[in-house]
Amino acid sequence: MIKEEFFIGNAPVVLYGGGAAENAATLPTDKEKKQNGVFICVHGQGGNKEEAERFAKIAAPRGYGVLSVDLPEHGKRTDRAKFVPWEVVPELAAIYEYAKNKWDKISLRATSIGAYFSLLAFGNEKIEKSLLVSPLLDMQGFITALMRCCGADEKRLKREKEIKTESGQTLSYEYFLYTKNNPVRAEGENTYILYADGDKVIPKKSVEKFAADNRCDLTVLNGFEHWLHTKEEVSAMEKWEKNVLSENKKTYTKGEKL
């Protein structure tokens, strides 16, 4: 599979496939890129752009390019950019602009907090399909729950500006205020969510509410956890990805277990 590494601004990115067949000997021409679609892949916390290679092995033979990015403080980043939405979102917006000039159709494959960042960045853009895995969709609720765990509330966070939790996380009032003022939404119909019912990071009710409010297709994996990485978990995830990319896909609109 063709692989090309370069930068978009300060962000290291990698392009797999480029919309060519997996066994293509050369990168596709600009004309071929325009005719095919691309997936922008956005990893979660602790991830990197190379994670997209597994998905590219599914997407590239189906005619998609896969463009993956190292978010700030991840992968091969060496700059001083921070892993916060007001720095990540403009970077993702720039990647979308780059992709828009190369391909006619842009889709999204995002994981965990990467889904939150992506929905912020692409909320007003045309996205053909969104594949969201273990997505963090209610950041304000997530931070509120963390505050509750350490006996804090919004008033205290506003007063102290930052609160360090027992788990080592630092809660920031600036971050909380940003999430409060910037809720995310999906385009609906072409948004597909994969969620594991053993996820201890993302509350199931928040995912179900988001899916219902935004008319998303929700698939629930039985017995797995937030980070889908074991052989069995990856196999189930790939089955879901292949199904979503299939022209004759089965839908799971009521949260049916896969």
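**Reading a predicted protein chain**

Colleague: What does the accessible surface of the protein chain come to, and how much of it belongs to carbon and sulfur atoms?

Modeller: The protein chain has an accessible surface of about 13,000 Å², and 46% of that surface belongs to carbon and sulfur atoms (areas come from the Shrake-Rupley method with a 1.4 Å probe, and for residues only the protein chains shown count as cover). Please keep in mind that this is a predicted model, in which local features need pLDDT of at least 70 and side-chain atom pairs count only at pLDDT 80 or more, while totals for chains, interfaces and linings use all residues. Residues are numbered from 1 along each chain as its sequence is written, and side-chain values use heavy atoms, with hydrogens and water left out.

Colleague: How many helices and strands are there, and what share of the residues counts as buried?

Modeller: The chain has nine helices and 10 strands (DSSP runs numbered from the N terminus, helices being H or I of at least four residues and strands E of at least two). Of its 258 residues, 52% count as buried, where buried means under 20% relative accessible area, exposed over 50% and partly exposed in between, with a 1.4 Å probe and protein chains only.

Colleague: How should I read the packing of helix α3 and helix α7, and which residues make the contact?

Modeller: Two packed helices are described by the angle between their axes and the distance between the axes. Here helix α3 (residues 85–100) and helix α7 (residues 173–181) pack at about 50°, with axes 11 Å apart (axes are lines fitted to C-alpha atoms, for helices over the stretch in contact, and angles run from 0 to 180 degrees between N-to-C directions). That makes α3 oblique to α7, since angles under 35 degrees count as roughly parallel, over 145 as roughly antiparallel, 65 to 115 as roughly perpendicular and the rest as oblique. The contact (heavy atoms within 4.5 Å) is made by P85, W86 and V89 of α3 together with E174, Y175 and Y178 of α7.

Colleague: What is the arrangement of the rings of W86 and Y175?

Modeller: Rings of Phe, Tyr and Trp (its six-membered ring) pair if their centres lie within 6.5 Å, and planes under 30 degrees apart count as stacked, over 60 as edge-to-face and the rest as tilted. By this rule there are eight aromatic pairs. The ring centres of W86 and Y175 are 5.8 Å apart and their planes stand at 65°, so this pair is edge-to-face; W86 in helix α3 and Y175 in helix α7 are 89 residues apart in the chain. W86, at 30% relative accessibility, counts as partly exposed, whereas Y175, at 15%, counts as buried. The rings of Y116 and F117, with centres 6.0 Å apart and planes at 50°, form a tilted pair, and both residues are buried.

Colleague: Where are E73 and S134 found, and is each buried or exposed?

Modeller: Most residues other than glycine have a negative phi, and most peptide bonds are trans. E73, however, has a positive phi near 65°; it is found in the loop between β4 and α3 and counts as exposed, at 52% relative accessibility. S134, which is not a glycine either, has a positive phi of about 45°, is placed in the loop between β6 (130–133) and α5 (139–149), and counts as buried, at 1% relative accessibility.
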